[in-house]
Each structure stands twice: as structure tokens, then as C-alpha cells.
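I opened this entry to keep track of what I looked up. My notes follow in the order I made them.

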Amino acid sequence: MPELPEVEALKDFLTEHLTGHEIVRALPVAISVLKTYDPPLTAVEGREVTAVRRYGKFLALATDGGPHLVTHLARAGWLHWRDPLPSGVPRPGKGPLALRVALETGAGFDLTEAGTQKRLAVYVVADPAEVPGIARLGPDPLAEGFDEARLAELLSGERRRLKGALRDQSLIAGVGNAYSDEILHAARMSPFKLASSLTPEETARLYEALRTTLTDAVERSRGLAAGRLKAEKKTGLRVHGRTGEPCPVCGDTIREVSFSDSSLQYCPTCQTGGKPLADRRLSRLLK
């Protein structure tokens, strides 16, 4: 799933390639991708893109005098830049293509989604705040006003495990499964530690890990073409998705805990005092 760093990089890429250009066609290939109907998708056609903004994991294209085209790439969605776009009209139900947006230049982008769970979402709204997922977002962890005191306030009284708290978009916007593993590894904390139990020193350590991990990932992704962002994300991860490999910090074997619909990776030596966590499929620990 694209998370804050990849979506931020996509925002920068699209700002460069879309701003000032006219959308001449917005074609839904998979009807299920559209989550709104008024205004219609055609309301963005014939309008110039004036800005591209990120809200957590959401991307929003603002149009001149018109609505915003908002998308969430979900777990298996992606954006592919095409210059030029393929000729002809794509056929619904053939392949992963979900939406195509064409510019007056002949370039544009496709939104695709792999797999059978169709969660990629597109909204056409007068204001991005009308999208329910955006309306419930917590603060952005890279915002200037997000300081250590703000993190402490958010975690105060939070009875969930750190892993689940970091992934909750209504608590902190933009962090998902992969970067929560990376942040906790950098902070040297167990994913099962209760969020409300952090000492001031631990809160400071978590804050530093949160900001540094995300900032470094954004910098690694900055300037890359959209098609290279997935590979860059995977290359930069130190523990997530690396079960069985040596920890790059201490050399211990990276372990995994599996759940009903996801998994987490961690280093026992760095994070849990050398003790492996029980690998039980208890999805409630991530909720």
C-alpha cells in the first residue's frame, strides 16, 4: 500500500506534470472505482489543474473553477504516468485499469488496481473535506506544528498497542503497515507496547523515529518518476517485508507476526529484549 512518503512523491510528480494543463477526458474503466456521483466525473473535463495536494494517503487534484478529483490508492492501487496515453478506448473488465485521465498534450495517467479486492477509490467533490476518509484524518506527522508534545497528547490515554495506534488514520495521518514497522524498529520499541504506557523519554524516541523515518523516505522518493516509487520504497525498508533476513542494526533474525489480513516484522534484539513475540492470528491487536 502506498503510504505518506510515496503519496507525497506522487503529489510532487503530478504537480510538475499536471499543473497548468487541461483535463480533456476522465474515463472510468471500472465503475466500482467511483464513490460519488454528484458532481459527475465529467465535471473535471475541460478544466485546468491548478494544484495537487496530499491529505494523509489521499491525493487531490484541484481544477480551475471546478471540483476536486480525489483518489485513495488503497492496498493494491497505483498511478502510472503515460506520455503519450495509449490510443483507443480501454475495454471495461480487461485487466487492472480502473480510471484514465487524459490531458490536452496527449499525456495523462492511469489508475490501476491488482487483485480481486477492489478498494481503490475516486471521488469528485467540491471540497476534499467532503470525502469521509479525509474528514476523519488525524494530524499530518510531517506538518510544522506536529511536535513531541502533540504526539504525547495523542497517545495519552490510548489503550491500544503502538502498532495499531500508528496505523490509525484518525490518530496520525499517512502511516501504514510498512512504515509503522520501520518507525518502531528505529525507536527500538515492541509493536505490542501499550501506547499510553510510554515514558517521556520513550515518547521523545518515538517522535524522533517517526519524523526521521518518514522524512528520510520522502527524500529518497523525491524527484523519482511515478513508476520507480514502489521499488524505492522496498529498497529503503529495513525490517518490513524482510522476515528471515538479518537485522541491519544488530544482525539478529527479523521475525514476523501474522494476523488475519496482514503481518508485522520486527527485530527481537532491538525491540523486544531478545524475546520473540507469539505469532498468533489475533487481528484485534491491530485494530
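I started in strand S2, residues 47–55, where Glu 48 lies. Strands here are DSSP runs (E, at least two residues) and helices are runs of H or I with at least four, numbered from the N terminus. Before going on, I noted that the model is predicted: local features need pLDDT of at least 70, side-chain atom pairs count only at pLDDT 80 or more, and totals for chains, interfaces and linings use all residues. Residues are numbered from 1 along each chain as its sequence is written, and side-chain values use heavy atoms, without hydrogens or water.

Buried means under 20% relative accessible area, exposed over 50%, and partly exposed in between (1.4 Å probe, protein chains only). Glu 48 also belongs to a negative surface patch, together with Glu 22, Asp 64 and Glu 104. Such patches take residues with over 30% relative accessible area and no salt bridge, like charges being joined within 9 Å.

Next I checked helix H1, residues 4–18. At 1.5 Å a residue its 15 residues should span 21 Å, and its end C-alpha atoms are 20 Å apart, which agrees. The expected span is 1.5 Å times one less than the number of residues. I found 11 of the 15 residues buried, so H1 is largely enclosed by the rest of the structure. Among the buried ones are Leu 4, Phe 13 and Leu 18. Gly 20 follows H1, with a positive phi near 90°.

Then I searched for salt bridges, meaning a side-chain nitrogen of Lys or Arg within 4 Å of a carboxyl oxygen of Asp or Glu. The whole structure holds 18. Arg 54 pairs with Glu 8, the closest N and O atoms being 2.7 Å apart. This pair links distant parts of the chain, strand S2 and helix H1, 46 residues apart. Both partners are buried: Arg 54 at 15% and Glu 8 at 13%. Arg 54 also meets Asp 140 in a salt bridge (2.8 Å, N to O). Asp 140 sits in the loop between helix H2 (132–135) and helix H3 (148–155), 86 residues from Arg 54. I traced a network of salt bridges that links Glu 8, Lys 11, Asp 12, Arg 54, Asp 140, Glu 219 and Arg 222.

Last, I looked at helix H3. Glu 153 and Arg 150 form a salt bridge at 3.4 Å, N to O. They are three residues apart, so about one helical turn separates them. Glu 153 is exposed at 53%, while Arg 150 is partly exposed at 28%.

Conventions: Patches are made of residues with over 30% relative accessible area and no salt bridge: like charges are joined within 9 Å, nonpolar side chains (Val, Leu, Ile, Met, Phe, Trp, Tyr) within 5 Å. Accessible areas come from the Shrake-Rupley method with a 1.4 Å probe; for residues, only the protein chains shown count as cover. Lys and Arg count as positive and Asp and Glu as negative; His and the chain ends are not counted. The place of a charge is taken as NZ of Lys, CZ of Arg, CG of Asp or CD of Glu.
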